[in-house]
Amino acid sequence: MNIIFLGPPGAGKGTQAKQICEKLNIPQISTGDMLRAAIANQTETGLKAKTYMDAGQLVPDEVVIAIVKERLAEDDCQGGYILDGFPRTVEQAEALSGIAKIDAVVDLAVADEVLVKRLSGRRVCPQCGAPYHVDYLGDVTTCKVDGTTLIQRDDDKAETVLNRLTVYHAKTAPLIDFYQKAGLLRSVNAADAPEAVTAAVLAALEASR
């Protein structure tokens, strides 16, 4: 199956994509991965993208679409794939429909207040990167692996999380309506435990076959 994962920051797209890819034996493809691979392979579009990135500019849609087309033509994608983080806008979705047949779009739905609590409660070890959450830390303030004092990343602070969600709702959420009208959208409650979300996603995909 050719699948798209949608969902706001903190919805668990990466975690769920990894689980579903393992179960379906298909690759997980993110925009970042595609760009890095195209640049590393020195494809024509990869080199074009690099000129924008080196200048600190956003890579234009037409270049990103060309890179997506290259990636989806590779052998490991012929049995299906999950697009994680692409498309981000309706314009990109319209362009994608011209180069790929999408079988299902999974929307990992989580209320904003749940996401703010989930993300703003995250703590990480600056030394080894181990993740933690205040809900499960109790009085512990140091990493269980190396004893380093845990920190809260700037992009996990409540104000920043709210700003990220505002951007998501303005630019990416319209994709929900786009794919709903196309009859491809499958919404899953991603506020549940990860294992329950994985089961719900698999059930939604099975219903799409």
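This is a predicted model: local features need pLDDT of at least 70, side-chain atom pairs count only at pLDDT 80 or more; totals for chains, interfaces and linings use all residues.
# Reading surface, strands and salt bridges

Modeller: Let us start with Asp-61, which counts as partly exposed at 33% relative accessibility.

Colleague: How should I read "partly exposed"?

Modeller: Buried means under 20% relative accessible area, exposed means over 50%, and partly exposed is what lies in between, with a 1.4 Å probe and protein chains only. Residues are numbered from 1 along each chain as its sequence is written, and side-chain values use heavy atoms, with hydrogens and water left out.

Colleague: Which helices supply the negative patch?

Modeller: Helices (H or I, at least four residues) and strands (E, at least two) are DSSP runs, numbered from the N terminus. Helix 4 (61-72), where Asp-61 sits, and helix 5 (90-97) each supply at least two residues of the patch.

Colleague: Now the strands. With which strands does strand 3 pair?

Modeller: Two strands pair if DSSP finds at least two bridges between them. Strand 1 (residues 2-6) runs parallel to strand 3, and four bridges link the two. Strand 2 (residues 28-30) is also parallel to strand 3, with three bridges between them. For landmarks, Tyr-81 of strand 3 is the bridge partner of Asn-2, and Leu-83 of strand 3 has Ile-29 opposite.

Colleague: Are the side chains of strand 3 buried or exposed?

Modeller: Strand 3 (residues 81-84) sends Tyr-81 and Leu-83 one way and Ile-82 and Asp-84 the other, and all are buried. Asn-2, in strand 1, is buried as well, with a relative accessible area of 17%. In space, its C-alpha is 9.1 Å from that of Ile-26, although Asn-2 and Ile-26 are 24 residues apart in sequence.

Colleague: How many salt bridges does the structure hold?

Modeller: A salt bridge is a side-chain nitrogen of Lys or Arg within 4 Å of a carboxyl oxygen of Asp or Glu. The structure holds eleven. One of them joins Arg-36 to Asp-33, with 2.8 Å between the closest N and O atoms.

Colleague: How far apart are Arg-36 and Asp-33 along helix 2?

Modeller: About one helical turn separates them, because they are three residues apart in helix 2 (residues 31-40). Arg-36 is exposed at 54% relative accessibility, whereas Asp-33 is partly exposed at 38%.

Colleague: What about Lys-101 and Lys-181?

Modeller: Lys-101 forms a salt bridge with Asp-103, again with the closest N and O atoms 2.8 Å apart. Lys-101 is exposed at 60% and Asp-103 partly exposed at 25%. Lys-181 meets Asp-177 at 3.2 Å, N to O. These two are four residues apart in helix 9 (residues 174-181), so about one helical turn lies between them. Lys-181 is exposed at 68%, and Asp-177 is partly exposed at 42%. Elsewhere, salt bridges with shared partners join Arg-122, Arg-153, Asp-155 and Asp-156 into one network.

Colleague: Finally, the backbone. Where is the cis peptide bond?

Modeller: The cis bond joins Phe-86 and Pro-87, with omega about 0°. Pro-87 belongs to the loop between strand 3 and helix 5.

Colleague: And what is the phi of Asn-25 and of Gln-42?

Modeller: Asn-25 has a positive phi of about 55° although it is not a glycine. Asn-25 lies in the loop between helix 1 (13-24) and strand 2, exposed at 70%. Gln-42, not a glycine either, also has a positive phi of about 55°. Gln-42 is in the loop between helix 2 and helix 3 (44-54), and is exposed at 57%.
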